[in-house]
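Hello,

Here is the structure I promised to pass on. Please have a look, then read my notes below.

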Amino acid sequence: MRQSSSKHVLLKGVKTKSITFFTNKKDHEQAANDLIEKARLRNGFNPNLILFYATLKYNGKYQSMLDIFHKEFGEIPQIGASVDGMIFPEDMRTDGAALVLCRDDDAKISVKGVNEKGVINSAEKLAGMIKCNNGCIVLHFPLVRVPSVLKSAEFFAKGYYYSKKCRGATIENQKEYGRKFAQYCDNDNIFYLPPTILEIFAKQTDYSVPIIGVNVMHTHVRLNSPSIFCNFKDIGGGIAALVIEKQDVNAIYDDIFSEKGKTMEETRRNVSNEFTIIKEFKAIFEKNVLISLDGMAPVEAVENLIYATEKKKEDLLGNLEKGDYNLNTPYGLLFFNKKTNGVFLLGIGSYYPFEMFPFYVNVSDYSDDVVLAYEFVEDKFESFISGLIGSNHNDKFVFFFLDVLVVAAFGEKVFEYKDKVKQLLGENYFGILSCSPSAYIPLKYQRRNYLSESGKNIFFSSGGTNACLEI
């Protein structure tokens, strides 16, 4: 396929301007230098923010590329991540790297990041470094950080150990083992919990500004991935924060689901009208570890219903090394939040060679009555970009985040978004394809009663969400 050209966006009266450059050269240094050569033709456009996103094509080589950019751009704030794709005015691509130069003379822009031991510890430390009274915050962090072969083997061994300890144990002891496994996953920075992280940052800002969580994970997972980029450093599985302090930033969040009900019973009725309910279970869980469904190991309980098969540790490690570890699944468990009446959708499959099922949300506030369901999305193609529809963007720079699962759901049809987005946004935008974004959205920005509310004004689901910022 052809390489996309760049376009210089200098719109009269627009406060935030952007230029996007793309490359898909095979060699990572050639790719980085190609982007630099294109950027040098920007006709005096001096950015005060750099965005850099790249696919797994350059996995393991990101720091070399960032070093080249750093030499060119110096100390300009920079943020980005490894993602599955990007959408920009000239194209939609899933096989290269994009460099976006942005300038806003009215905004105070900063980027900070940390990668400490322990996910919650990292979030709390970074939040303490952030100040934002007006504007917005964009967080970048992995949804799941896949470590090295040795650390992955250790994770599998821990999961197997605690799963074995649960067999025949009392519910109280099972929960204790689940709590220990959850703590291990946090300490070793494996599972990042979007609602928990968003709450930490929202509290730090007195719940006054919108916060978007860019939840980074690849549909085909590899070892030592994904990567977060912060000020020209690949910080691996850390957390990076882009802070934009400005008066007129607009945040939009939406999802593909119906609205939640005013009561749990009403929410359940709404869900039964939208999803195909396969079976209901009584679940035992602790924090972000699902221990059992109707007394059975989670995947064992659903395997005959979703055609999941047991995986061996050796096969999983081999697939991770080759990048063939596919996370797509059309089935999900629905957890019902007792405080918000919202629903969390968790994709379930045979991802682990042990019985426990760790994931990326603390479900302590959810009912233990869960539902295995299937949702048809064939008629929801437009809904995946619903945050971009129905708003007057006023030629602002639009930075948006889409659910990469649209690729699995719609195949090549997803490339129709390229023209649809261009019609909606014009020339001044950039979007990424990764896991479903999460968001803390103050009430004044909310369009409706989102089913995906996982905490007060905090929204997340493992699929079907989208968000954008108008800057």
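In which helix is the place of E176? E176 sits in α5. Bear in mind that this is a predicted model.

E176 is partly exposed, because its relative accessibility is 29%, between the 20% limit for buried and the 50% limit for exposed. Its C-alpha atom is 9.6 Å from that of Y162, a residue 14 places away along the chain.

Next, the helix pair. Helix α4 covers residues 149–166 and helix α5 covers residues 171–187. Their axes come within 9 Å and cross at roughly 170°. The angle is over 145 degrees, so α4 and α5 are roughly antiparallel to each other. On the α4 side, the contact is made by K151, E154, F155, K158, G159, Y162, K165 and C166. On the α5 side, Q174, Y177, K180, F181, Y184 and C185 take part. By class, that contact has seven nonpolar, five charged and two polar residues.

Now the cores. The largest nonpolar core has 47 residues. Within this core, F155, F335, F359 and Y360 have the most contacts. Elements that each supply at least two of its residues include α4, α5, α8 (298–306) and β16 (276–286). The largest share, five residues, comes from α5.

Beyond its neighbours within four places in sequence, Y360 is in contact with residues including L143, V144, F191, Y192, F344 and F460.

Best wishes

Technical notes. Residues are numbered from 1 along each chain as its sequence is written. This is a predicted model: local features need pLDDT of at least 70, side-chain atom pairs count only at pLDDT 80 or more; totals for chains, interfaces and linings use all residues. Side-chain values use heavy atoms; hydrogens and water are left out. Axes are lines fitted to C-alpha atoms, for helices over the stretch in contact, and angles run from 0 to 180 degrees between N-to-C directions. Helices (H or I, at least four residues) and strands (E, at least two) are DSSP runs, numbered from the N terminus. Angles under 35 degrees count as roughly parallel, over 145 as roughly antiparallel, 65 to 115 as roughly perpendicular and the rest as oblique. Contact means heavy atoms within 4.5 Å. Ala, Val, Leu, Ile, Met, Phe, Trp, Tyr, Cys and Pro count as nonpolar, Asp, Glu, Lys and Arg as charged, and the others, Gly among them, as polar. Buried means under 20% relative accessible area, exposed over 50%, partly exposed in between (1.4 Å probe, protein chains only). A nonpolar core is a set of buried Ala, Val, Leu, Ile, Met, Phe, Trp, Tyr and Cys residues joined through side-chain atoms within 4.5 Å.
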